[in-house]
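Please keep the sequence and the coordinates at hand while reading.

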Amino acid sequence: MVSEKLMKALNDQLNYEFESAHYYLAMAAYCADQDLDGFENFFLVQAEEERFHAMKFFNFIKEMDGRVSMQQMREPKNDFNSLKEVFETALSHEESVTKRIYNLMDIAKEERQHATISWLNWFVDEQVEEESTMKGIIKKLERLEGNSHGIFMLDKEMAQRTFTPPTNE
Ligand code: MG
């Protein structure tokens with residue numbers, strides 16, 4: 001039995017994951033406007049991943065006999081001064097997601113809700129990957145500062161990213 005408090009926190013996170021998709025679509029649109037098709041693709045795939053995360057919450061809430069309720073989304077940041085700023089914003093967004101997942105985990109632990117603790121572990125691992133991806137790209141961008149050929153090559157690399165939902169879910 002999931003408490004009302006934990007259920008509300010799960011539902012809030014479901015909404016935050018959809019909001020994350022919204023944030024990444026705004027970043028994809030900025031990259032498209034800069035003719036960086038590969039980076040646009042990177043953020044389109046990232047947005048798909050976030051919708052996948054949101055739907056994991058959707059299904060889990062249902063499985064735990066809860067009721068999903070959709071909330072209003074905030075307007076994302078649409079304007080950026082540089083590609084580096086886009087990724088710095090993405091990293092700080094992921095850091096805020098991590099904090100929220102940890103907070104959810106704290107509530108689940110307080111309530112000794114073992115099913116939720118076990119289920120949330122996937123997200124704890126996922127956040128390590130998300131933050132590390134963003135940090136890695138920021139490092140590359142710092143090294144390439146002012147090197148337009150390098151950015152072009154990195155853009156090509158970003159074009160390769162595809163969305164594949166994990167098969168063991
Ligand atoms: Mg997410």
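## Conventions and a buried asparagine

A residue is called buried when its relative accessible area is under 20%, exposed when that area is over 50%, and partly exposed in between, with a 1.4 Å probe and protein chains only. The model is predicted, so that local features need a pLDDT of at least 70 and side-chain atom pairs count only at pLDDT 80 or more, while totals for chains, interfaces and linings use all residues. Residues are numbered from 1 along each chain as its sequence is written, and side-chain values use heavy atoms, with hydrogens and water left out.

Asn-11 belongs to helix H1, where helices are DSSP runs of H or I with at least four residues and strands are runs of E with at least two, numbered from the N terminus. Because its relative accessible area is 7%, Asn-11 is buried. Contact means heavy atoms within 4.5 Å, and once neighbours within four places in sequence are left aside, Asn-11 is in contact with Ile-61, Arg-67, Val-68, Ser-69 and Gln-71.

## Packing of H1 against H4

Helix H1 (residues 4-33) and helix H4 (residues 114-143) pack at an angle of about 25°, and their axes are 14 Å apart. The angle makes H1 roughly parallel to H4; angles under 35 degrees count as roughly parallel, over 145 as roughly antiparallel, 65 to 115 as roughly perpendicular and the rest as oblique. The axes are lines fitted to C-alpha atoms, for helices over the stretch in contact, and the angles run from 0 to 180 degrees between N-to-C directions.

The crossing of H1 and H4 is left-handed, a term used if the near helix is turned anticlockwise from the far one by less than a right angle, whereas clockwise gives a right-handed crossing. On the H1 side the contact is made by Leu-6, Leu-10, Glu-17 and Tyr-24, and on the H4 side by Thr-116, Trp-119, Phe-123 and Met-134. Divided by class, the contact of H1 with H4 has six nonpolar residues, one polar and one charged. In this scheme Ala, Val, Leu, Ile, Met, Phe, Trp, Tyr, Cys and Pro count as nonpolar, Asp, Glu, Lys and Arg as charged, and the others, Gly among them, as polar.

## The magnesium ion

The protein donors of the magnesium ion are Glu-17 (OE), Glu-50 (OE) and His-53 (ND1), which lie 2.1 to 2.2 Å from it. Donors are N, O and S atoms within 2.8 Å of the metal (3.2 Å for Na, K and Ca), and since water is not among the atoms, sites may look incomplete. The donor residues of the magnesium ion follow the spacing E-x32-E-x2-H in sequence. Glu-50 and His-53 both lie in helix H2 (residues 37-63), three residues apart, about one turn of the helix, and both Glu-50 and His-53 are buried.

Gln-127 has its place in helix H4 and is buried, with a relative accessible area of 3%. Leaving aside neighbours within four places in sequence, Gln-127 is in contact with Glu-94, Val-97, Thr-98 and Ile-101, and its C-alpha atom is separated by 8.2 Å from that of Glu-95, 32 residues apart along the chain.

Ile-138, also found in helix H4, counts as buried at 8% relative accessibility. Not counting residues up to four places away in sequence, Ile-138 touches Phe-87, Glu-88 and Leu-91.

## Positive phi in two loops

Most residues other than glycine have a negative phi. Asp-65, in the loop between H2 and H3, has a positive phi of about 60° although it is not a glycine, and Asp-65 is exposed, with a relative accessible area of 73%. Arg-112 lies in the loop between H3 and H4, with a positive phi near 50°, and is exposed at a relative accessible area of 63%.
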